[in-house]
Amino acid sequence: MMNVKNSIRIKVREIVYQTTLFAIVILACWACNTDDTQDVVTFENLVRSDEFDVEGTPDPEFWDFDIGNGPNGDGWGNQELQYYTARSENATVENGFLIITAFQESFEGSDYTSARLLTKGLVEQQYGRFEARMRLPYGKGIWPAFWMLGADIDTNPWPGAGEIDIMEYRGQEPTRVLGSVHGPGYCGSEELCEETAVSTTFELENDRFDTGFHVFGIEWGPNFVNYYVDDVLYNQITPDDVPGEWVFDKPFYILINLAVGGTFVGGGPNDETVFPQRLLVDYVRIYN
Amino acid sequence: MKRTRINIIKKSVFVACLIAASTSCERSISDDVEFATLSNGGEIFTDDFIGMGEDFYFPFIGAKPDVFSVDMDEGYESTTSIRIDVPNADDPAGGFAGANFVIDGSGRNLTEFDALTFWARASQAATAGLFGFGEEFSTEVAQVDLTTQWQQYIVPIPDPSKLVEVKNVFRFAAGGIGTEGQEVGYSFWIDELKFEKLGTIAQPRPAILAGQDVTVDAFIGQEFPLIPLTQTFNLGNGQNQTTLIDASYFTFSSSNPEVAKVNEGGIVTVFRQGTAEITAVLNGVSAQGSLNLNVLGSFVSAPIPPARDPSDVISVFSDSYESLSGLNVAVFNGPGFPAGEPISISMTDFDGNNIIEYGNLDFVGIGWDGNVDVSGLQFLHIDVQVTQGLSPSDILNVQIIDFGANGVDDGSVRVDDTGGGFNIPAADLEEGVWVPIDIPVNQFTLPTGGGFAGSPNLTNVARVVFVGNLGVANILVDNIYFYRN
């Protein structure tokens, strides 16, 4: 979701998978077509996690903060409306949860504040299982995300470094999340990319993402990224699916943020959007 | 007798009143409830009525009775549906359609559902007055837009745990389309009418008094309903849906029960001098909005005006003279003064003596039917009791507006409208005491904040305006009339 200059034109395949049976079928098929040395189901060795058990400031050995409204002052390339801070009001660990809170308030020229945490230079890994258990906020213009960027982004600017969006969500669509990849030539920017990002929507039936906790994760290995919500694997992206170079064979770092407004959510909040809004994170776990 | 209506200047209040009026005719629940045997089925009409019994259709009083049928040629993904033929406004059998569907037999246990849902379409785009359900736990969605395409509608249940037995499972009301009084009828169809567990009804935000924190000065014996009472949910499609709901869903509380209490019907009664904050909770969620009462003590009436020859008086608001029809105590008003403090406007009947109360008044215009010629009269009389502390520099500004020969409000264009103001200084007022004020009709010489030059014409007077933003923002008013000696 970073540095997206224009509206994200994503190829959305809206599919609701109700059972894991289909997921197993996908895995089975994939296994037939791929190198035998690769195996998607062996990421069971927990190598790093933040269970958010220590109250107060998020663990500085795990998390850093992005501050402000983007290096170019354009809402992080997305016309986001919030100003990110490292204040405890916007991000704190409480009762076993990381709580990121978006407020409607005038601050440093912006009308909203919130927080964006990232593990750049602290926790970076190539391949593995990355998952977070979260309860999402809601309302028009609310845009939480759990995502990853290629760790070489300082020398290999977006979208070249690659982006894996494990979970993105529009507050006005409380039953849906998206999983995507962006890379060179295929991304959310019409200026920078010929092709759109590769994205899939997952929709809950008879439930929604802002009323309870759900696990959002990927299984990422050489030549595949599998997306899942809770126990449902809903998409697999492979080099064959991306209209460009596969740039997902190097370390990535994690970001968790709660944006207010932006092209992805069709503009800003409206009169009915309730503030403050909170993103609760129970844990972030990384396996290999 | 001492019921006070708080005017919250919002459309929904009016709707709420209409609904209260239109649905208050039915109210009964069986005494011999046997919970164990109640059906917990949700379906009301799919391809036919389900479990409704023989005699379930009860039109509202005043509604055209025979508007309902089952259409065998129309339906949502089927060929049967409920058809309602909304009559023309001038239909002698009744000018609108409206009815309750009440189970002929035992009620249903709806505690496992979270919404009433149905599909509907109309013969032409129209806005139905309401859809809902419930007797004791009435729940209604007002002003529902229907289109010519089938669409699903969702009426979220405010708190399903309350619905252990419901017999009144569906209710609708609709008038025709067009100019008021000349509405033309149309038809609409309803299908797949049922209670469901959607699982996507979330983020409850109950509210009393339209979610506003209202502060009012009050007197012993006064009563305040907390309407409109609402519950708002966010639906699975991301849209918010507000329902107008019965007080029985709420638990009300008073911060000072010796000063004021709330009954289960959501009516606040004032008992003694002091202050009290009235709040409410619905199913564990604090309701937005509160009523903050500042009880001044026992009510003392304004002095009764002297008897006068009717030809010597044109009364806008008084129980002592025959007054003009169509009184509107707030044709227009500002948001409140000081800024951020919402205006409160209410009228209270103290045993036959009505008074108007303005709180946090920035400005308000009082209107009535037609315009009046006061050029032959001498004074505008008002009785004013200030209910706030006064500083020497405070002023209550009173204005009159004349609509001119064309007789209508020309708005900011003015045309032939004229207006002017008169300042009543603090020295001429007194906190807690009725003060009679007589302003010569030719003394409204000051220019007004609304842009009038002063010294208005007097032959088509249509408004009396009170402006509180010069310091006197909390007043009781009685006996507004023009007269001559």
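Between chain B and chain A there are 0 salt bridges, a salt bridge being a side-chain nitrogen of Lys or Arg within 4 Å of a carboxyl oxygen of Asp or Glu. The residues on the side of chain B that touches chain A divide into 3 nonpolar, 8 polar and 2 charged; Ala, Val, Leu, Ile, Met, Phe, Trp, Tyr, Cys and Pro count here as nonpolar, Asp, Glu, Lys and Arg as charged, and the others, Gly among them, as polar. The model is a predicted one, in which local features need pLDDT of at least 70 and side-chain atom pairs count only at pLDDT 80 or more, while totals for chains, interfaces and linings use all residues. Residues are numbered from 1 along each chain as its sequence is written, chains are lettered from A in the order in which they are written, and side-chain values use heavy atoms, with hydrogens and water left out.

The interface itself brings 13 residues of chain B into contact with 11 residues of chain A, contact meaning heavy atoms within 4.5 Å. The size of an interface is often given as the accessible area lost when the parts come together. Between chain B and chain A the buried area is about 920 Å², 46% of it from carbon and sulfur atoms; this is the accessible area (1.4 Å probe) that the two parts lose on being put together, summed over both. Polar contacts link 5 residue pairs across the two chains, both residues being at pLDDT 80 or more. Such a contact is a pair of N or O atoms within 3.5 Å; within protein, one must be able to donate a hydrogen and the other to accept it, and residues adjacent in sequence count only if both atoms are side-chain atoms.

Within chain B, 5 strands form an open antiparallel sheet in the order β24-β27-β32-β29-β30. Strands are DSSP runs (E, at least two residues), numbered from the N terminus, and two of them pair if DSSP finds at least two bridges between them. Because β24 (328–333) and β30 (418–425) of chain B each have a single partner strand, they stand at the edges, and one side of each is left without a neighbour in the sheet. Strand β27 (residues 363–367) of chain B pairs with β32 (residues 461–467) of chain B over 4 bridges in the antiparallel sense, and B:I366 has B:V464 of β32 as its bridge partner.

Some backbone features lie in loops. Most residues other than glycine have a negative phi, and most peptide bonds are trans. A cis peptide bond, with omega about 0°, joins B:F337 and B:P338, and B:P338 lies in the loop between β24 and β25 (344–350) of chain B. Another cis peptide bond joins B:I227 and B:P228, with B:P228 in the loop between β14 (223–225) and β15 (230–234) of chain B. In chain A, the non-glycine residue A:F52 has a positive phi of about 55° and is placed in the loop between β2 (46–50) and β3 (64–66).
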